[in-house]
Amino acid sequence: MYEVLLDEPLGQGRFGLVYKAVKDGLEYAAKASLWDKEEQLHTLKNVITMDKHENILDYKDLVIDGNTSWLFMEICSRGDLANFFTAHRKQFDLNKLEILYQIANGVAALHNNNIIHRDLK
């Protein structure tokens, strides 16, 4: 069972809050969202049946608790891209282009699996 650390928010997206979670000593990101059951089942099916991709976080589990769904996924321990680009905004380097290529590659893989990422930043 996952332990969601509500006192350790990692961020907020348009469709929910993200918290740190722990299970069996491993850390995860836990996104809490209010969704209807039909959308939850559709999302779960798409996420589970999708092949792993090097540019997409690994989804671990979807837990439905009343009207709240918890999507557990790989955690990004080095921070988010918005902070990275802000800190390095005056630099132009190939690392930024490589990151943008990886984002586009990941989004294309999602679209090829009929999944829309509704909260890119």
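## Helix α3 and its surroundings

In this predicted model, helix α3 covers residues 94–112, and its 19 residues reach 27 Å from the first C-alpha to the last, which is close to the 27 Å expected at 1.5 Å a residue. Its buried residues are Lys96, Ile99, Gly106, Val107, Ala109 and Leu110. Seen down the axis of α3, these buried residues fall within an arc of 155 degrees, so they line one face of the helix. On the other side of α3, Leu94, Tyr101 and Asn112 are exposed. The cover over the buried residues of α3 includes helix α2, residues 81–87.

Asn114 lies in the segment after α3, and Asn114 has a positive phi of about 60 degrees although it is not a glycine. With a relative accessibility of 66%, Asn114 counts as exposed.

## Strands and hairpins

Strand β1, residues 3–13, pairs with β2 in the antiparallel sense over seven bridges, and the hairpin that joins β1 to β2 passes through two residues. The bridge partner of Gly13 in β2 is Gly16.

Further along, strand β4, residues 59–65, pairs with β5 in the antiparallel sense over six bridges. These two strands, β4 and β5, also form a hairpin, with two residues between them, and Gly66 in the turn has a positive phi of about 65 degrees.

Leu62 lies in strand β4, where Leu62 stands opposite Leu71 in β5. Leu62 is buried, with a relative accessible area of 11%. Leu62 and Met73 are eleven residues apart in sequence, and their C-alpha atoms are 9.0 Å apart in space.

## The largest nonpolar core

Which residues make up the largest nonpolar core? This core has eight residues, namely Tyr2, Tyr19, Ala21, Tyr28, Ala30, Ala32, Trp70 and Phe72. Strands β2 (16–23), β3 (26–34) and β5 (68–73) each supply at least two residues of this core, and the largest share, three residues, comes from β3. As a general background, nonpolar side chains tend to be buried together in soluble globular proteins.

Ala32, one of the core residues, touches Phe15, Gly16, Leu17, Thr68, Ser69 and Trp70, when residues up to four places away in sequence are not counted. Ser33 lies in strand β3, and, leaving aside its neighbours within four places in sequence, Ser33 is in contact with Phe15, Gly16, Asn67, Thr68 and Ser69.

## Buried and exposed residues

Is Ser33 buried or exposed? Ser33 is buried, because its relative accessible area is 4%, which is under the 20% cut-off for a buried residue. Asp24, by contrast, is found in the loop between β2 and β3 and is exposed, with a relative accessible area of 72%. Asp24 has a positive phi of about 55 degrees although it is not a glycine. As a general rule, most residues other than glycine have a negative phi.

| Residue | Relative accessible area | State |
|---|---|---|
| Ser33 | 4% | buried |
| Leu62 | 11% | buried |
| Asn114 | 66% | exposed |
| Asp24 | 72% | exposed |

## The protein as a whole

How many helices and strands are there in the protein? There are three helices and five strands, and from the N terminus on, these elements run in the order β-β-β-α-β-β-α-α. The protein has 121 residues, of which 30% count as buried. Its accessible surface comes to about 9000 Å², and 53% of this belongs to carbon and sulfur atoms. Among the contacts with a separation of 6 or more, residues 24 or more positions apart account for 46%.

Key:
Residues are numbered from 1 along each chain as its sequence is written. This is a predicted model: local features need pLDDT of at least 70, side-chain atom pairs count only at pLDDT 80 or more; totals for chains, interfaces and linings use all residues. Side-chain values use heavy atoms; hydrogens and water are left out. Helices (H or I, at least four residues) and strands (E, at least two) are DSSP runs, numbered from the N terminus. Buried means under 20% relative accessible area, exposed over 50%, partly exposed in between (1.4 Å probe, protein chains only). Contact means heavy atoms within 4.5 Å. Accessible areas come from the Shrake-Rupley method with a 1.4 Å probe; for residues, only the protein chains shown count as cover. The expected span of a helix is 1.5 Å times one less than its number of residues. The arc is that of the directions from the helix axis to the C-beta atoms. A nonpolar core is a set of buried Ala, Val, Leu, Ile, Met, Phe, Trp, Tyr and Cys residues joined through side-chain atoms within 4.5 Å. Two strands pair if DSSP finds at least two bridges between them.
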